[in-house]
Amino acid sequence: MFNKNDELQVTITDQGTSGEGIGKVDGYTLFVKDAVIGDECLVKIMKAKKNYGFARLMEVIKPSDSRVEPRCKVARSCGGCQLQTMSYEKQLEFKNNKVLNNLKRIGGIDLSKVEVEPIIGMDVPFCYRNKAQFPVGRNKDGEICYGFYAGRTHSIIENDGCDLSLQVEGQNVCKDIMDIIVGFMNDYDIDPYDEAARQGLVRHVLIRIGHKTNQVMVCIVINGNELPHSEILIERLSVIRFVSTVAININKEAGNVIMGLNTKTLSGLGYIEDYIGNVKFRISPLSFFQVNPVQTEKLYAKALEYAALTGKETVWDMYCGIGTISLFLAQSAGKVMGVEIVDAAIKDAKLNANINNITNADFLCGAAEKVVPEFFEQNKDELSKVDTSEGSRRSGAEVNCGAGRSGAEVNHGSELCKPDVVVVDPPRKGCDTKLLETITLMNPQRLVYVSCDSATLARDVAWLEAHGFKLEKVTCCDMFSQTIHVETVALLSKIA
Ligand code: SAH
């Protein structure tokens, strides 16, 4: 048993799911943030429990072979990255193992019967994020500053050039934009927002970058209705030729939600555009869009490969967001139905279908676990028809997708809506059982599961394996290098 403030030497032998190093001293387990497997280090206990404790890394006595010098000077204090001190190769190994261990331990899956493909890593594990949200405040000298929040706090760690942010033609546009904004605030006495006092104007700056278009959007989140002298700011920002839209977002609420509901465009069209594959997307300040466009294409390509589309199939894309997967797959499918709970995202999905002239995608708005069972209930005679041959099964399943469903904004007459393939891409908490039940009743041939949390993926795969599906293939894809997050694509097939 050790006590708070004890200093001791420990060798790190394991890595926890949040990336923290784990070591043992006389049977006592220590969790050490910022330590890497193989490090021999001096640590100080910050919190001591009976059998384990949390310790602070004081000194690396003998570095692990996997340890690298972090590229970013605030890597340790900033809350953004957890794995910068680990070589990228080891990061990928850590992520892959995490997913496979969860499938084994939580899902009870026998991986010897599954084709586990190599993790899809990034070619360049930095400069990938197309979105940055900088809090603006004052540093201890009272100067206006920006950066990122330290882990689990709201104190700003100053950072003028996050190494994860995309650059445009080699230019660190985020830094250049932020420097212009801070200069403008100083020149016109515009205060940053003070969270404690709930005073001051500028809270955050959101920057979004079109990876393929080089279009850049700047959105200033303010605690007020107007940004004084905004015409000067627009003029100053125009020096950066990539900036195509400047907007303000109004957020007068206390609390830590970054964006308010209302946005006003100050210059430009109010959105930027970017592509995933050859599908064009319109991105507004409030729209959700995948943050790593390069890896997103690789992830979707894997999902498409697993969906094994021939051009005729009906695909249901559950949790479709703005329809990125739906529209990507629509090009290779007969018909796609996307389902999403956020109304604004569905509007974006429909708009994006239109601007790409994609006419074989429709969208249902509502909680998937509610609208899909309702849809099934109303069309169950057609949807639950079991037929063996692909052709007759499909022609036997002509369901009128527009048939009087509440919340269902589709109306395109008689169409094939019985799924051959279902794709799910749920939030962290995974799929609702009610939805999984309905999917099994809808009886697709294949289910492609895109997951951002392998613990809930494992739980849901176990459920599906107990209900007529078999996990065939798994591929992890790294969308967020330097962080602990990892995406997984899994293919499940219906057992004949
Ligand atoms: N497939 C999309 C978005 C995935 S993120 C993409 O790749 O871009 C998960 C999405 O699920 C979010 O858009 C979220 O709004 C949506 N969502 C969350 N709960 C939901 C529910 N119960 N039913 C339908 N959609 C839901």
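In helix α3, residues 230-237, the buried positions are Ser230, Leu233 and Leu237. Viewed down the axis of α3, these buried residues fall within an arc of 55°, so they line one face of the helix. The other side of α3 carries Glu231 and Glu235, both exposed. An α-helix has 3.6 residues a turn, so residues three or four places apart point the same way. The cover over the buried residues of α3 includes helix α2 and the strands β11, β12 (243-250) and β13 (262-267). The model is predicted.

Helix α10 shows a buried side as well. This helix spans residues 433-442, and Leu435, Leu436, Thr438, Ile439 and Met442 are buried in it. Around the axis they cover an arc of only 160°, which puts them on the same side of α10. Their packing partners include the strands β16 (314-318), β21 (421-424) and β22 (446-451). Helices also take part: α7 (368-378), α8 (380-383) and α11 (454-465) pack against the buried residues of α10.

At the level of the whole protein, eleven helices and 24 strands are present. The radius of gyration is 25 Å; a compact globule of 496 residues would have a value near 23 Å, which agrees. Along the principal axes, the C-alpha atoms fill a box of roughly 70 × 65 × 40 Å. Of the 496 residues, 54% count as buried. Among contacts with a separation of 6 or more, 63% come from residues 24 or more positions apart. The protein exposes about 21,600 Å², and carbon and sulfur atoms supply 49% of this area. There are 56 positive and 64 negative charges, and their mean positions are 3 Å apart.

Two residues other than glycine were examined for positive phi. Asp26 has phi near 50°. Its place is the loop between β2 (21-25) and β3 (28-32). The relative accessibility of Asp26 is 75%, over the 50% cut-off, and therefore Asp26 counts as exposed. Gln482 has a positive phi of about 75°. This residue is found in the loop between β23 (469-477) and β24 (487-494). At 2% relative accessibility, Gln482 counts as buried. Asp26 is thus exposed, whereas Gln482 is buried.

Asp163 is placed in the loop between β9 (156-158) and α2 (173-187). Its relative accessibility is 17%. Buried means under 20%, so Asp163 counts as buried. Beyond residues up to four places away in sequence, Asp163 touches Arg71, Cys72, Phe126 and Cys127.

Lys212 has its place in the loop between β10 (202-209) and β11 (216-222). At 41% relative accessibility, Lys212 counts as partly exposed. With neighbours within four places in sequence left aside, Lys212 is in contact with Asp274, Tyr275, Gly277 and Glu297. Ala345 lies 133 residues from Lys212 along the chain, and their C-alpha atoms are separated by 22 Å.

Asn356 is found in the loop between α6 (343-355) and β18 (361-365). Not counting residues up to four places away in sequence, Asn356 touches Asn278, Val279 and Lys280. Asn356 and Phe281 are 75 residues apart in sequence, with a C-alpha to C-alpha distance of 8.5 Å.

Helix α2, part of the cover over the buried residues of α3, holds Asp176. At 27% relative accessibility, Asp176 counts as partly exposed. Asp176 touches Gln171 and Ile240, not counting residues up to four places away in sequence. Asp176 and Asp160 are 16 residues apart in sequence and 8.9 Å apart in space, C-alpha to C-alpha.

Note on methods:
Residues numbered from 1 in each chain as written. Predicted model: local features only at pLDDT ≥ 70, side-chain atom pairs only at ≥ 80, totals over all residues. Heavy atoms only, no water. Helix = DSSP H or I, 4+ residues; strand = E, 2+ residues; numbered from the N terminus. Rg over C-alpha atoms; globule rule 2.2 N^0.38 Å. Buried < 20%, exposed > 50% of the residue type's maximum accessible area, 1.4 Å probe, protein only. Contact = heavy atoms within 4.5 Å. Areas by Shrake-Rupley, 256 points an atom, 1.4 Å probe, with all protein chains shown as cover. Lys, Arg positive; Asp, Glu negative; His and termini not counted. Charge placed at Lys NZ, Arg CZ, Asp CG, Glu CD. Arc of directions from axis to C-beta.
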